[in-house]
Amino acid sequence: MKTLFETCTVGAIDIKNRIIRSATHEGTAIDGMVSDTFVELYEELSKGNIGLIITGYAAVSEMDHAGPATLALTDDSVIEGLTHITKIAHEQGTKIMAQLNHQSSSLWSAPEGPVFGPSAVTDPVSGITPEPFTTEQVRMLINEFADAAVRAQKAGFDGVQIHGAHGYLFSKWLSPRYNKRTDEYGGSEANNARIIVETLEAIKDKCGKAYPVWIKLNCSDFDPEDDGVTEEIFLTTANILAEHGIDAIEVSGGTQDGKYASARPRKFSAYHRESAEKLARMVDASVVLVGGMRSLDLAEEIIANTEIEAISLCRPLIREPQLVKRWAEGDRNDAACVACNGCFNPNGTKCFFTLNDAEKEAQKNIMRMLAKIKSA
Ligand SMILES: Cc1cc2nc3c(=O)[nH]c(=O)nc-3n(C[C@H](O)[C@H](O)[C@H](O)COP(=O)(O)O)c2cc1C
């Protein structure tokens, strides 16, 4: 029987326990480069006995509009700063991966210059209608992903995770609502998945077959019209990727315009468990479950009774970077995180409860705005 606190191999990476820090946007890079605040965060997390840390999404493409506070793997100059971070993690026996992403039209403001997407379908939250990538640009983008992975590898990351969830580019590519393409990158589930398959292959070509490549996928977009990624599309896509050698699949779900966002309120726990269990029975790739894991008892039960190989936490570790250490040392109380989503902070991701009074007031306005978007 599997246990939470045992050494294991998940997604071709040897890990000291089965708890992962899910990718969490830092918002503290400076012009895409590693800052002191960025380093401090990873130092604190690394000391918290987490098995494996996944960075927040990093930009990979010149055809994207990630802001300056987002880590950018678009240039070799970032490697030195990142090497520092992977060294810190490894000194604590913690593994670390970089998450690779293209934001497409999932942006908070309309930038200058073209925004690219699978097809010219408007994102209802940003109001942006992207320009479709030409087939030639798709090939350039795949290369950019692979070059970013090479930079991550040079910086000492133990692998990379492709972001295929939450309404960003690859997530939209898989969605029949956003992908209306008529070339080989659209028109069927296999064609919609092709860009990710080719990205996976390009990374393995450039970094070596053994270099771990994971993906985070939506088990459903929870689209109000059921027009986006459904569980059926998710399972088909995940199977295709498993057949092409993806090492692990982290099961998430939701988009900003879906019935549920990826980070749900407190009343929901382990909310993608059923889909993750189904997938784990179907594929050889490791399956990781994220979303609403705040109870140690529940995490242990899931690891013991299912084929899910690891559980992944985001907001609980924003509130308590030392949570895993606390649990390992015998304090079994639930994570202190109340899932208020006050951590989505334009000045850099921070737990709401660490803000001073003036910052709390400003942040409450942002939280109201986010709630309005969700109820619109
Ligand atoms: C502040 C914040 C930043 C996030 N950044 C990312 C990200 O960069 N990449 C990603 O895949 N998911 C991101 N997520 C989603 C989380 O990784 C996770 O899927 C979601 O919060 C549910 O897990 P939780 O209940 O443990 O928070 C973010 C969530 C929050 C709250």
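The model is predicted, so local features need pLDDT of at least 70 and side-chain atom pairs count only at pLDDT 80 or more, while totals for chains, interfaces and linings use all residues. Residue numbers start from 1 along each chain as its sequence is written, and side-chain values rest on heavy atoms, with hydrogens and water left out.

**A few terms first**

- Helices (H or I, at least four residues) and strands (E, at least two) are DSSP runs numbered from the N terminus.
- Axes are lines fitted to C-alpha atoms, for helices over the stretch in contact, and angles run from 0 to 180 degrees between N-to-C directions.
- Contact means heavy atoms within 4.5 Å.

**Helices α3 and α5**

- Helix α3 (residues 135-154) packs against helix α5 (residues 189-207) at an angle of about 40 degrees, and their axes lie 8 Å apart.
- That angle makes α3 oblique to α5; angles under 35 degrees count as roughly parallel, over 145 as roughly antiparallel, 65 to 115 as roughly perpendicular and the rest as oblique.
- The crossing of α3 with α5 is right-handed, meaning that the near helix is turned clockwise from the far one by less than a right angle, with anticlockwise giving left-handed.
- On the α3 side the contact includes V138, L141, I142 and F145, and these α3 residues are among those that meet an α5 set including I195, A202 and I203.
- By class, this contact of α3 with α5 has 11 nonpolar, 3 polar and 3 charged residues; Ala, Val, Leu, Ile, Met, Phe, Trp, Tyr, Cys and Pro count as nonpolar, Asp, Glu, Lys and Arg as charged, and the others, Gly among them, as polar.

**Helices α1 and α2**

- α1 and helix α2 (residues 79-91) pack at about 15 degrees, with 9 Å between their axes, and are therefore roughly parallel to each other.
- Their crossing, too, is right-handed.
- F38, V39, Y42, E43 and S46 of α1 make the contact with H84, I85, I88 and A89 of α2.
- The residues of this α1 and α2 contact divide into 6 nonpolar, 2 polar and 1 charged.

**Helices α6 and α7**

- α6 packs with helix α7 (residues 273-282) at an angle of about 35 degrees, the axes being 11 Å apart.
- α6 passes α7 in a right-handed crossing.
- Here E231, F234, L235, A238 and N239 of α6 meet S275, K278, L279 and M282 of α7.
- This contact of α6 with α7 comprises 5 nonpolar, 2 polar and 2 charged residues.

**The second largest pocket**

- The lining of the second largest pocket has 19 residues, with L41, E44, I318, T349 and K350 nearest its centre.
- Two or more lining residues come from each of α1 (36-46) and α9 (315-319), and α1 gives the largest share, 5 residues.
- The lining of this pocket divides into 6 nonpolar, 7 polar and 6 charged residues.
- On a 1 Å grid over the protein atoms alone, a cavity is a set of points where a 1.4 Å probe fits but cannot get out, and a pocket is an open set with protein on both sides within 12 Å along at least five of seven lines; lining residues have an atom within 4 Å of a point.

**Loop residue T230**

- T230 sits in the loop between β9 (213-218) and α6 (231-243).
- Beyond its neighbours within four places in sequence, T230 is in contact with C219 and S220.
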